[in-house]
Amino acid sequence: MASPRTVTIVALSVALGLFFVFMGTIKLTPRLSRDAYNEMKRAYKSYVRALPMLKKMGVSSILLRKSIGALEVACGIVMTLVPGRPKDVANFLLLLLVLAVLFFHQLVGDPLKRYAHALVFGILLTCRLLIARQPEEQPPEKRILSINGDEQPLIHEAAPEKGKVKVS
C-alpha cells in the first residue's frame with residue numbers, strides 16, 4: 001500500500017499539473033474560453049506597458065503571454081505524467097513562474113481577487129516541493145541477538161525508555 005506521503009505527492013502533482021495545462025491553454029488559444037483568452041491578452045498588454053524594459057528587449061505582450069502559456073502547458077504535462085526528478089524541476093519552474101506573475105499583478109496594482117488563485121497555487125506548489133524533497137521515513141530495523149538458540153532483542157532496544165519503570 002502506498003504511503004500517505006506518496007498519495008499526497010501524486011494527488012498534488014496531478015491536480016497542479018492539470019490546472020497549469022488548463023491555464024496555459026487559455027493563454028495560448030481562445031478555444032476553451034474566448035472571454036478568458038481576451039482577458040489574458042488585456043492583462044499581458046498592461047504588464048508590458050508597466051515594464052518598459054521588456055519593450056526595450058523586444059518582448060511583446062504576445063510573446064510574453066505565449067511563452068508563459070507554453071511553459072505552463074509543458075510543465076503541467078510533466079507534473080501530471082512524468083515520474084521522478086523531472087516533476088520537481090517542473091514544480092520549481094512553475095513556482096518561479098507564479099512568483100513572476102504575482103510580481104506583474106503587484107506592478108500593475110491589481111486587487112487581490114485578480115491574483116488570489118496565483119497565490120494559492122504558489123502555496124500548493126511550495127508544499128508539494130517541500131513534501132517531495134523530504135526523505136522517505138524508514139521504519140527502524142529490529143536487531144536480534146541469538147543466544148543458545150533463543151532470539152532476544154539487543155540490550156539497548158530492550159531497555160525501558162527514560163522515565164519509565166519496567167515492571168515484571
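This report walks through the fold, helix packing, salt bridges and surface of a predicted model.

## Ground rules

Residue numbers start from 1 along each chain as its sequence is written, and side-chain values use heavy atoms, with hydrogens and water left out. Since we're looking at a predicted model, local features need pLDDT of at least 70 and side-chain atom pairs count only at pLDDT 80 or more, while totals for chains, interfaces and linings use all residues.

## The overall fold

The chain has seven helices and two strands. Both kinds of element are DSSP runs numbered from the N terminus: H or I over at least four residues for helices, E over at least two for strands. Going along the sequence, the order is α-α-α-α-α-α-β-β-α.

Of the 168 residues in the chain, 32% are buried. Here buried means under 20% relative accessible area, exposed means over 50%, and partly exposed is what falls in between (1.4 Å probe, protein chains only).

## Two helix pairs

Start with helix H1 (residues 4–28) and helix H4 (residues 61–81): their axes come within 7 Å and cross at roughly 155°. The axes are lines fitted to C-alpha atoms, for helices over the stretch in contact, and the angles run from 0 to 180 degrees between N-to-C directions. H1 and H4 are therefore roughly antiparallel to each other. For the angle classes, under 35 degrees is roughly parallel, over 145 roughly antiparallel, 65 to 115 roughly perpendicular, and the rest oblique. The H1 and H4 crossing is left-handed, a label used if the near helix is turned anticlockwise from the far one by less than a right angle, with clockwise giving right-handed.

Then there's H5 with H6, whose axes come within 9 Å and cross at roughly 150°. That makes H5 and H6 roughly antiparallel to each other, and their crossing is left-handed.

Methionine 79 sits in helix H4 and is buried, at a relative accessible area of 0%.

Proline 83 is in the loop between H4 and H5. In contrast to buried methionine 79, proline 83 is exposed, with a relative accessible area of 63%. Proline 83 and serine 13 are 70 residues apart along the chain, with 9.9 Å between their C-alpha atoms.

## Salt bridges

Side chains of opposite charge can pair when their charged atoms come close. The structure holds six salt bridges, each being a side-chain nitrogen of Lys or Arg within 4 Å of a carboxyl oxygen of Asp or Glu. Glu39, Arg42, Asp110 and Arg114 are linked in a network of them. As for accessibility, glutamate 39 is partly exposed at 31%, arginine 42 is partly exposed at 40%, and arginine 114 is partly exposed at 26%.

Another salt bridge joins arginine 133 and aspartate 88, with the closest N and O atoms 3.2 Å apart. Arginine 133 is in helix H6 and aspartate 88 in helix H5, so the pair ties together parts 45 residues apart in sequence. Its two ends fall into separate accessibility classes: arginine 133 is partly exposed at 48%, whereas aspartate 88 is buried at 12%.

## A nonpolar patch

Leu71, Val89, Phe92, Leu93, Leu96 and Leu99 make up a nonpolar patch on the surface, with about 510 Å² of accessible area together. Accessible areas come from the Shrake-Rupley method with a 1.4 Å probe, and for residues only the protein chains shown count as cover. Patch members have over 30% relative accessible area and no salt bridge; nonpolar side chains (Val, Leu, Ile, Met, Phe, Trp, Tyr) are joined within 5 Å, like charges within 9 Å.

Helix H5 (residues 85–108) contributes the most here, with five residues. One patch member, phenylalanine 92, lies in H5 and is partly exposed, with a relative accessible area of 46%.
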